[in-house]
Amino acid sequence: MTDCIFCKIINKDIPAKIAYEDEEMLVFHDIQPKAAVHLLIIPKKHITSLAHTTAEDTLLLGKLLQKTAILAKEFGLTDGYKTQINTGIGGGQEVFHLHLHVLGTPKPK
Ligand code: 5GP
Ligand code: ZN
């Protein structure tokens, strides 16, 4: 989608601090972090919101969630973390490309 800011990040048309990438997803740091660690996990496929997912997306959604757990551990969020998916205007969604927020504070070693 040409007018989608997250698609532009996927296409490297605009920069982002990337934490993880594979053929199906991109993970990058939120530009206005609301916690010491604030990651955004997005599918590379443009899906407008969680409400726009279908049964076809079941495996992809599972992979996004599972990668969330792996990355949270890698970023030191071993005490726990918050995950959030804002859906639609009423859900506070501002960027209309499905994304999962991960917020937390790394536990000192
Ligand atoms: P939403 O309210 O849609 O769930 O959250 C969108 C998030 O995307 C916000 O936390 C906002 O700070 C972040 N964001 C918006 N534009 C950009 C951008 O260009 N780069 C990055 N890294 N994050 C962005
Ligand atoms: Zn998009």
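Student: What makes the arrangement around the zinc ion (ligand 2) tetrahedral?

Tutor: The four donor atoms subtend angles of 103 to 118 degrees. Four donors count as tetrahedral if all angles lie between 85 and 135 degrees. The angles of 103 to 118 degrees therefore make the arrangement tetrahedral. Keep in mind that this is a predicted model, where local features need pLDDT of at least 70, side-chain atom pairs count only at pLDDT 80 or more, and totals for chains, interfaces and linings use all residues. Residues are numbered from 1 along each chain as written, chains are lettered from A and ligands numbered from 1 in the order written, and side-chain values use heavy atoms, without hydrogens and water.

Student: Which atoms coordinate the zinc ion (ligand 2)?

Tutor: Cys4 (SG), Cys7 (SG), His46 (ND1) and His97 (ND1), at 2.1 to 2.3 Å. Donors are N, O and S atoms within 2.8 Å of the metal (3.2 Å for Na, K and Ca); water is not among the atoms, so sites may look incomplete. Along the chain, the donors follow the spacing C-x2-C-x38-H-x50-H.

Student: What parts does the pair His46 and His97 tie together?

Tutor: His46 lies in the loop between β3 (37–43) and α2 (58–74), and His97 in the loop between β4 (82–84) and β5 (100–104), so the pair ties together parts 51 residues apart in sequence. Helices (H or I, at least four residues) and strands (E, at least two) are DSSP runs, numbered from the N terminus.

Student: How do you know whether His97 is buried or exposed?

Tutor: Buried means under 20% relative accessible area, exposed over 50%, partly exposed in between (1.4 Å probe, protein chains only). His97 has 0% relative accessibility, so His97 counts as buried.

Student: Why is His46 called partly exposed?

Tutor: Because His46 has 22% relative accessibility.

Student: Why does Ser49 count as buried?

Tutor: Ser49 is at 3% relative accessibility, so Ser49 counts as buried. Ser49 is found in the loop between β3 and α2.

Student: What contact does the side chain of Ser49 make?

Tutor: A polar contact with the side chain of His52, at 2.8 Å. A polar contact is a pair of N or O atoms within 3.5 Å; within protein, one must be able to donate a hydrogen and the other to accept it, and residues adjacent in sequence count only if both atoms are side-chain atoms.

Student: Why does Lys12 count as partly exposed?

Tutor: Lys12 is at 47% relative accessibility, so Lys12 counts as partly exposed. Phi of Lys12 is near 65 degrees, a positive value in a residue other than glycine.

Notes
Four donors count as tetrahedral if all angles lie between 85 and 135 degrees; four count as square planar and six as octahedral if opposite donors are over 155 degrees apart and all others between 65 and 115; anything else is irregular.
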